[in-house]
There are 2 protein chains.
Amino acid sequence: MRHKKSNMTQKQKPLILITNDDGVQAKGINELIAGVRSLGQIVVIAPDGARSGMSSAISSQNPIRLQLLKQEDDLTIYSCTGTPVDCVKVGVNEILDRQPDLVLAGINHGSNSAVCVIYSGTIGATLEGCILGIPSVGVSLCCRHESDADFTQAVRYGKQVAEKVLAEGLPKGVCLNLNVPQTDDVKGLKVCTQTPGYWIKEFQPAQDPFGRPVYWLSGEFLNEDPDNEANDEWALEHGYAALVPLQLDMTAYSVLDDFKKSYE
Amino acid sequence: MRHKKSNMTQKQKPLILITNDDGVQAKGINELIAGVRSLGQIVVIAPDGARSGMSSAISSQNPIRLQLLKQEDDLTIYSCTGTPVDCVKVGVNEILDRQPDLVLAGINHGSNSAVCVIYSGTIGATLEGCILGIPSVGVSLCCRHESDADFTQAVRYGKQVAEKVLAEGLPKGVCLNLNVPQTDDVKGLKVCTQTPGYWIKEFQPAQDPFGRPVYWLSGEFLNEDPDNEANDEWALEHGYAALVPLQLDMTAYSVLDDFKKSYE
């Protein structure tokens, strides 16, 4: 049996596609679903398990599968064997009968600030929504990875931003990366730049049970601009929710003219 | 036995780390190795099989393993069970005894122009080199995916750009995405912008042998700016090698002030 395109056009409530990279069972996505359910028709297509650090990976070697987990008034939930980006793609191409009004990704267990936008499956899904022309927001909880983290403030700010984006849209080629600190006392929302930095001490060398060397990814973030009040790490460290508008166009325009003279 | 950091400082030739996303056995990476071998000390750490479409994915759930395949004068080759980004990370953190002077990724079987920079494992590895502060170049062959494609011109232009980057470096936070058409008659190198566009008709629904629905990723690229002579798709279609400088900072600076007024 083919999964049918959902027949959702009748009511024309806003159609919201939700995914994440921690998997459909994670607390973060379920808190997000509950928090934004009143905003429209919700279709969830989320990985069937953890896909952290999957970036914008797509399943180019194997087919993906969907499983319908729930179908009730205004809420449909599928699990998907693919990546977060696959979830958005298969939803828009095969499941939904119209373009969603909003893609929400998250709420991620752990922050996706600074250079983590490059590695994050949550942001991968957000960028994918944006590539497909849909206003898209990624929401992450800083900096709690625990399965039972407190998402209260992340849900509050996520819903607030979602409502605004539903009402106003976003510029073409721009999506939003929202990180919310886990504290009862968030100081407000701050529009920020992406903090420059990188990870150091990235591996824990170990041995498998047979004595063979393996490398576990680990490490710590080195912030290259810790005192800059404009960037998202500064905002999060000072108790603000950090909202970074991201763009799909990665062209380094500032060097373009110099490179034309030098390379052509 | 732990893999030892290579002792390569004696000669102080340029140290070049090479990876790809088609796997260590692919023709493209082996043509690249042969083409740039004269430029310095070469260390190859490449996936043990195909990792196309892996973007900047990292192995956050499982450890990675390395296998030493070759060690001879100025050329060391490892295969790695991880992603292209893992290959760069484990090389810089665990294998090399100094920072490489250059990261080369490719030569990819197939183009990585336009929005493919978001999905490409080749570009994922290139961005990773850049994140770690290393001048980095991704090289792709447009638009031949065949295992026996002709890489002659891609090697020629890849080597030319590699030599220039070794001599001059790259600005901080900027790396290069080089796509070369498969033709004997490349018109030259053109510095370009990233073409806007997206993929349509992205899945081929099918059934597995048990009659269950599966979705194979497929699709075709829709170019949103086909007549713009500045972008990389235009250059490739007109017989040029396309060089796009990419930046790590994805902040949409052009909307920042408006968003501050609107969201804060």
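**Figure 1. Hairpin of β10(B) and β11(B) in the predicted model.** Strands β10(B) and β11(B) form a hairpin with five residues between them. Gly211(B), in the turn, has a positive phi of about 80°. Five bridges join β10 (residues 203-207) of chain B to β11 (residues 213-217) of chain B, and the two strands run antiparallel. Gln207(B) has Pro213(B) in β11(B) as its bridge partner. Strands (E, at least two residues) and helices (H or I, at least four residues) are DSSP runs numbered from the N terminus; two strands pair if DSSP finds at least two bridges between them. Residues are numbered from 1 along each chain as its sequence is written, while chains are lettered from A and ligands numbered from 1 in the order in which they are written. The model is predicted, so local features need pLDDT of at least 70 and side-chain atom pairs count only at pLDDT 80 or more, whereas totals for chains, interfaces and linings use all residues.

**Figure 2. Open sheet of chain A.** Nine strands of chain A form an open sheet in the order β3-β4-β2-β1-β5-β6-β7-β13-β8, with mixed pairing. At its edges are β3 (66-72) and β8 (189-191) of chain A, each of which pairs on one side only. From one strand to the next the twist averages 20°; angles run from 0 to 180 degrees between N-to-C directions, and axes are lines fitted to C-alpha atoms, for helices over the stretch in contact. Strand β3(A) is joined by six bridges to β4 (residues 75-80) of chain A, running antiparallel. Opposite Gln67(A) stands Ser79(A) in β4(A). Helix α5 (residues 152-168) of chain A lies across β5 (102-109), β6 (136-142), β7 (174-181), β8 and β13 (241-247) of chain A, at about 165° to β5(A).

Figure 3. In chain B, an open sheet of nine strands has the order β3-β4-β2-β1-β5-β6-β7-β13-β8, and its pairing is mixed. Strands β3 (66-72) and β8 (189-191) of chain B have a single partner strand each, so one side of each is left without a neighbour in the sheet. Three bridges join β8(B) to β13 (residues 241-247) of chain B, which run parallel. Within this pair, Lys190(B) has Ala242(B) in β13(B) as its bridge partner. Helix α7 (residues 253-263) of chain A packs on this sheet and touches β7 (174-181), β8 and β13 of chain B. The direction of α7(A) makes about 165° with that of β8(B). Contact means that the C-beta atoms of two residues, placed from the backbone, lie within 7 Å.

**Figure 4. Relation between the two chains.** Chain A is superposed on chain B by a rotation of 180° with 0.0 Å of shift along its axis (RMSD 0.0 Å). That is the relation of a two-fold axis. The superposition is by least squares on the C-alpha atoms of residues with pLDDT of at least 70 in both copies; pLDDT is the predictor's confidence in each residue, from 0 to 100. Of the interface residues of chain A, 100% are also interface residues in chain B, so the copies meet through the same surface. The model scores ipTM 0.94 and pTM 0.95.

**Figure 5. Helix α2 of chain A.** Eleven of the twelve residues of α2 (residues 84-95) of chain A are buried, and the helix is mostly covered. Among the buried residues are Asp86(A), Lys89(A) and Asn93(A), as well as Val85(A), Val88(A) and Ile95(A). A residue is buried if 20 or more other C-beta atoms lie within 10 Å of its own, exposed if 12 or fewer, and partly exposed in between, with C-beta atoms placed from the backbone.

Figure 6. Most residues other than glycine have a negative phi, and most peptide bonds are trans. A cis peptide bond, with omega about -10°, joins Gly106(A) and Ile107(A); Ile107(A) is in strand β5 of chain A. The bond from Gly106(B) to Ile107(B) is also cis, with omega near -5°. Ala114(A), although not a glycine, has a positive phi of about 55°. This residue lies in the loop between β5 and α3 (116-119) of chain A and is buried, with 26 other C-beta atoms within 10 Å. Lys201(A), likewise not a glycine, has a positive phi of about 45°. It lies in the loop between β9 (197-200) and β10 (203-207) of chain A, and counts as exposed with 10 C-beta neighbours inside 10 Å.
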